[in-house]
Amino acid sequence: MAERSRRTYRGVIDSITVPPSSAAPSFSAIVLRQPDSGETAQAGRPRRPGPPADPGRRRQPGTQRLRLIWIGQRQIPGIAAGTALKLEGMVSQVDGIPTIYNPRYEIISSQESHS
């Protein structure tokens with residue numbers, strides 16, 4: 001993943017983190033994505049789209065983690081472990097993990113993800 005570049009990904013939420021109420025509001029999720037997940041660069045040509053990663057396949061070689069952080073939110077409706085997403089945002093490295101702050105996202109229905 002190129003740092004400081006706008007990217008589009010598909011993946012599945014592996015886990016979410018909600019900080020305690022005494023901390024500043026934020027909502028964080030880890031997405032698992034496969035290299036062949038339909039990733040595109042903003043100015044590049046898209047790869048052939050495929051279904052999003054499946055949580056049952058999370059230990060496959062090549063699975064990559066991507067952290068999503070929504071600042072000022074304690075929850076995001078529809079975002080839970082196992083949710084398939086298409087997302088876009090500026091990627092930066094935070095503690096060695098590719099991270100997108102306040103990503104644009106689209107929840108992919110189970111019907112769409114299996115076609």
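Where is the place of N102?

A: N102 lies in the loop between β6 and β7 (104–107), strands being DSSP runs of E with at least two residues and numbered, like helices (H or I, at least four residues), from the N terminus. This is a predicted model, in which local features need pLDDT of at least 70, side-chain atom pairs count only at pLDDT 80 or more, and totals for chains, interfaces and linings use all residues. Residues are numbered from 1 along each chain as its sequence is written, and side-chain values use heavy atoms, with hydrogens and water left out.

Although N102 is not a glycine, its phi is positive, at about 45°. N102 counts as partly exposed because its relative accessibility is 43%; buried means under 20% relative accessible area, exposed over 50%, and partly exposed in between (1.4 Å probe, protein chains only).

D95 also has a positive phi, of about 55°, without being a glycine. D95 sits in the loop between β5 (84–94) and β6 (97–101) and counts as exposed, with 73% relative accessibility.

I100 is one of the residues with the most contacts inside the largest nonpolar core, which has 14 residues; the others are I13, L66, L68 and L87. β1 (5–17), β2 (26–33), β4 (64–71) and β5 each contribute at least two residues to this core. Such a core is a set of buried Ala, Val, Leu, Ile, Met, Phe, Trp, Tyr and Cys residues joined through side-chain atoms within 4.5 Å.

The mean pLDDT (the predictor's confidence in each residue, from 0 to 100) is 77 for the protein, and 68% of its residues reach 70 or more.
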